[in-house]
Amino acid sequence: MASPISTNVALANLQATALTARCHNAFFRQKQLKTLHDTLRNNSLAIKDAIKQDTRVSDVEATAEVALALSNVKEHYTAIDVKKKLDEEYRITNGKDASDRREPYGVAYIEPQRSHTPFFSVIVALSATLAAGNCVALKLENSLRALPSLLRKLLSEALEADTFAIISSNPSPDSLSSCVSILQETQAERPIYSQLVSPKRRVVAIVDRTADLASAAEQLVAARFAFGGTSPYAPDLVFVNEFIKKDFLEHVLRHSIRYLSGSNDIAANGTPKSPSGSKKTTSNISEVFKSLQDSKHWRLNAITQGDNGAVLELSQLSSLPQKLAQPLFCITSITSLEHAISIIDEDLDSSDTLLAAYQFGTPSTGKYLSQYINADASFTNYIPYRLLLGPTAPAFYPINIDARYTTEHFTRAAPAYISLPASQAGLAAIITSKESRKSAAELLAHASVEIKEQKRAESIAIGYFEQGILLGLGVYGIPLLTCIGTVLYFGVRAGLRRWTFT
């Protein structure tokens, strides 16, 4: 294992290369990405086998992980427009402002996650930092795992030594002070501007009685059980309206059979996974199942179980379960949307949020839930499957569904200006003119003009609660008015007849 000194020296060498701005060149960035893509695609079978050996994913899932990682490298390569970059570089020379100009940080330190889609997690961060023009220090542990050893060999061959380094220990805080850090494992409660931290928060789903139950069940089961149930964006708890729980469970059981039975554990050539890996997986599932069973915050009912997971019901729920990294599909029934919202609000701290929320129902239901459930991202009537690969999106940044990282994450704003702004003339008259008092008075008079209030449109906003009121009037009010009208009609008619004949 490399010593802390060698790690810090490696970062110092990368900083020295970054000062030369060698990686800023668009042609150099393209060359790095092209070489990286060629090396990975030529060794795609070996990478896929290493992924399967280290994780419990199926052959199909390992293939998808490799394919999407390669696609990400290709997308970054094609996004570099050399002519456009050259024009942007010389905007000031040509008398144009460069207000959107950005500069690379210089050196990026990547700490990838190890337990879920480890290859994809490394490549999406690495390719984005290279495309942004940074030198890269990648942390890979010294272990018996197959993928880190293979990546050490392949990445060292693909990327130039003075712009890329692989380290095995944590750098010192001083060495990282001038780097942008991608932390997929380490958590930081209050990350600084140069830290891209992947938070470990819970994910919930809410299935309303207005939802398409077959579609909701299919997507939620796939999200929970795909990639061995380790995705951080898999739903940890599914709230289901009590009136449709039975029908929803029927769909869930139908879709979960292939995951629970272990059919995904058969490789393409018909060879099953190693018994030791299967035994370890079953042991981990049993431990989490036992902890759920012993909790005092709910009553657990196992609806169905298999060697590779289970479908569980948590009744009498008083708090949300902890973050799950196992193929356990947990549901709980609710009486209304407000019921689900109150459970979530009571469990979360004022400053805490959910990682994601999936809601299934009408668009108005999705709008209502996304407004009142505090989540980093909300999705109505679908789960983006690409979100299931890779780490969670960096905290305090807009989520990128496909890759999690963009080149903007690894650059900082460095605007350059040459054109005078429109406000320059007015302020120049105050600062440099001899009649500055008069100019300042005119400026104040203009700024002191009363704001003309904009009148609100005379219309009634029909929101979620208003819709409920109107629906109630429609269901109960119209039949009641009809009955009253009918009674009055026949009563008056009978009275007139009686009065006529008397």
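Okay, so let's start with Ile-110: its bridge partner in β3 is Leu-138. Keep in mind that this is a predicted model.

We've got an open sheet of 5 strands, and if you walk across it you go β4-β3-β2-β5-β6, with parallel pairing. Who sits at the edges? That's β4, at 164-167, and β6, at 195-197, and each of them pairs on one side only. Ignoring direction, neighbouring strands here are turned against each other by 15° on average. There's also a helix on this sheet: α7, residues 146-158, packs there and touches β3 and β4. The direction of α7 makes about 165° with that of β4.

Okay, next up, a pair of helices. When two helices pack, you describe them by the angle between their axes and the distance between the axes. For α12, residues 337-347, and α13, residues 363-372, the axes come within 11 Å and cross at roughly 20°. Angles under 35 degrees count as roughly parallel, so α12 is roughly parallel to α13. And the handedness? α12 passes α13 in a right-handed crossing.

Which residues actually meet there? From α12 you have Leu-337, Glu-338, Ile-341 and Asp-345, and from α13 they meet Thr-365, Tyr-368, Leu-369 and Tyr-372. Sort the residues of that contact by type and you get 5 nonpolar, 1 polar and 2 charged.

Notes: Residues are numbered from 1 along each chain as its sequence is written. This is a predicted model: local features need pLDDT of at least 70, side-chain atom pairs count only at pLDDT 80 or more; totals for chains, interfaces and linings use all residues. Side-chain values use heavy atoms; hydrogens and water are left out. Axes are lines fitted to C-alpha atoms, for helices over the stretch in contact, and angles run from 0 to 180 degrees between N-to-C directions. Helices (H or I, at least four residues) and strands (E, at least two) are DSSP runs, numbered from the N terminus. Angles under 35 degrees count as roughly parallel, over 145 as roughly antiparallel, 65 to 115 as roughly perpendicular and the rest as oblique. A crossing is left-handed if the near helix is turned anticlockwise from the far one by less than a right angle, and right-handed if clockwise. Contact means heavy atoms within 4.5 Å. Ala, Val, Leu, Ile, Met, Phe, Trp, Tyr, Cys and Pro count as nonpolar, Asp, Glu, Lys and Arg as charged, and the others, Gly among them, as polar. Two strands pair if DSSP finds at least two bridges between them.
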